Amino acid sequence: MTTQTPPLTARPAWRALEDHYQAIRDVHLRTLFAEDPGRGERLTAEAAGVFLDYSKNRVTDETIRLLVSLAEECGLRQRIDAMFSGEKINLTERRAVLHVALRAPKGQSILVDGEDVVPAVHDVLARMSAFCESVRGGARRGYTGRRIRNVVNVGIGGSDLGPVMAYEALKHYSDRSMTFRFVSNVDGTDFVEATRDLDPAETLFIISSKTFTTLETMTNARSAREWTLRALGDERAIAKHFIAVSTNAKEVTAFGIDTANMFGFWDWVGGRYSMDSAIGVSTLLAIGPEQFQRMLAGFHAVDEHFRTAPLARNLPVLLGLLAIWYNNFFGAQTIAVLPYDQYLKRFPAYLQQLTMESNGKHVTLDGTPVDYQTGPIYWGEPGTNGQHSFYQLIHQGTRLIPCDFIGFARSLNPLGSHHDLLVASLLAQTEALAFGKTAEEVKAEGTPDWLAPHRTFEGNRPTNTILAEQLTPETLGKLVALYEHSVFTQGAIWQIDSFDQWGVELGKELAGRIIPELTGTAEPSLAHDSSTNALIRRYRAMRG
């Protein structure tokens with residue numbers, strides 16, 4: 001795919017949006033709702049059991065029409081088709097982008113370089129399922145014959161954030177006789193605290209590194225190996241207590257892992273899009289093959305909606321277009337994702353990598369510097385905790401922060417009136433953010449004039465509300481796919497490569513140079529900048 005011509009900001013739809021923004025920028029949501037009584041029912045969309053209310057956005061029907069026109073001018077539909085057909089749309093790495101193949105049902109055909117990849121996906125899935133069933137059922141045991149009761153996933157980035165988010169999100173469905181831990185940080189504290197109360201004879205480590213050379217992951221893996229051998233004393237124990245998610249059979253074998261217990265994935269799966277690949281083996285161990293298949297079905301349902309639905313009724317497209325509207329026209333720099341379900345406490349952290357590693361780019365596909373903002377900052381916490389933390393800034397601060405609220409009709413843990421109070425809080429926040437409270441309303445309540453400015457809420461703060469029936473494995477798949485394809489939509493319009501991550505590499509390269517300068521016995525000859533040189537010397541002196 002080549003970059004667009006003319007440039008994005010010269011396109012007719014972009015220019016029309018700039019004019020439209022000037023006309024609508026100061027219109028309040030109070031006015032939009034007063035002049036359009038049916039707005040709350042009309043500005044909604046629903047697909048695959050997910051309902052989106054986007055009526056509390058600073059948009060009109062004309063805004064949506066113009067945003068869809070922009071998507072059409074930028075070839076979004078063609079980009080979607082290119083991804084699903086296996087074209088190498090990750091241009092800088094010359095790779096296809098086919099996380100959608102990970103959840104394609106048997107019988108579907110997706111070609112990469114003329115080869116149907118779906119059978120290979122299901123082969124790995126079948127091997128994963130058989131292995132996990134043997135562990136969960138007790139047939140596969142540790143070196144001493146004791147049952148595996150603890151699972152520690154060792155990875156970083158997409159090899160950690162997806163699995164830990166999925167485990168927390170689906171804890172309700174997990175085998176509670178097993179303990180799951182996740183180690184990612186190269187800080188030794190992460191490993192020590194994760195394993196402190198575990199018995200090595202009952203512990204299985206999953207080492208997730210495609211190349212089996214990732215610095216942080218392999219440092220933690222070697223510590224796990226030493227920890228296991230200190231207790232069990234025999235190199236043969238490694239094959240019983242370690243499995244690998246990797247494609248480097250030579251290094252996996254050298255580590256002591258049986259390659260029969262090595263599960264691979266493909267270069268057309270980016271790390272941040274891999275939680276439903278072999279990277280999700282910890283999820284499969286926790287919830288079992290049947291529930292894992294339901295999660296995959298949820299992914300696939302939204303994939304098909306994204307692939308086939310008209311852009312104006314397409315949930316991921318609408319979310320992506322609204323993000324562009326606020327980022328590029330209102331100058332909003334962040335988007336808050338606020339799930340009103342405690343099980344989704346790690347969902348915003350997962351989205352941080354998905355969104356910002358994907359679209360934190362400063363050049364277009366052909367290497368031309370962009371002259372517009374890309375990649376807004378995604379962040380958030382579960383409600384109602386956030387209400388007593390940062391919502392103050394969203395309500396009365398000076399920054400415009402669009403918000404996505406995520407809620408469910410039924411709780412997995414019904415307890416008195418808790419869930420009704422939770423959902424009431426969600427709905428109240430979206431109403432308060434949209435409409436606020438005027439000085440006149442505050443004074444009518446008896447507030448003195450001097451206090452009224454402090455108790456006035458401007459409102460006009462945009463929100464999306466995403467509702468589903470209940471947080472099931474299927475629903476989680478739908479939510480993740482929803483944001484995956486929203487990211488794709490934004491990147492397609494900005495004409496950037498959402499699937500490489502060269503910005504991650506430079507720090508790794510420099511760390512490789514600095515490590516021996518910190519640990520060597522002789523005084524190193526330093527060739528960094530004066531600050532880095534001084535800090536290295538200070539660290540060596542402090543360390544003694």
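## Ground rules

Residues count from 1 along each chain as its sequence is written, and side-chain values use heavy atoms, with hydrogens and water left out. Since the model is predicted, local features need pLDDT of at least 70 and side-chain atom pairs count only at pLDDT 80 or more, while totals for chains, interfaces and linings use all residues.

## The sheet

Six strands make up an open, mixed sheet, ordered β1-β2-β13-β12-β10-β11. Strands here are DSSP runs of E with at least two residues, helices are runs of H or I with at least four, and both are numbered from the N terminus; two strands pair if DSSP finds at least two bridges between them. At the edges sit β1 (44-47) and β11 (377-379), each pairing on one side only.

β1 runs antiparallel to β2 (residues 50-53), with four bridges between them. Within that part of the sheet, A47 has V50 of β2 as its bridge partner.

## Around β12

Which way do the β12 side chains go? C403, F405 and G407 point one way, D404, I406 and F408 the other, and all are buried (under 20% relative accessible area with a 1.4 Å probe, protein chains only; exposed is over 50%, partly exposed in between). With six of its six residues buried, β12 is largely enclosed by the rest of the structure.

β12 runs parallel to β10, joined by four bridges, and parallel to β13, joined by six. C403 stands opposite A336 and also has T463 in β13 as a bridge partner.
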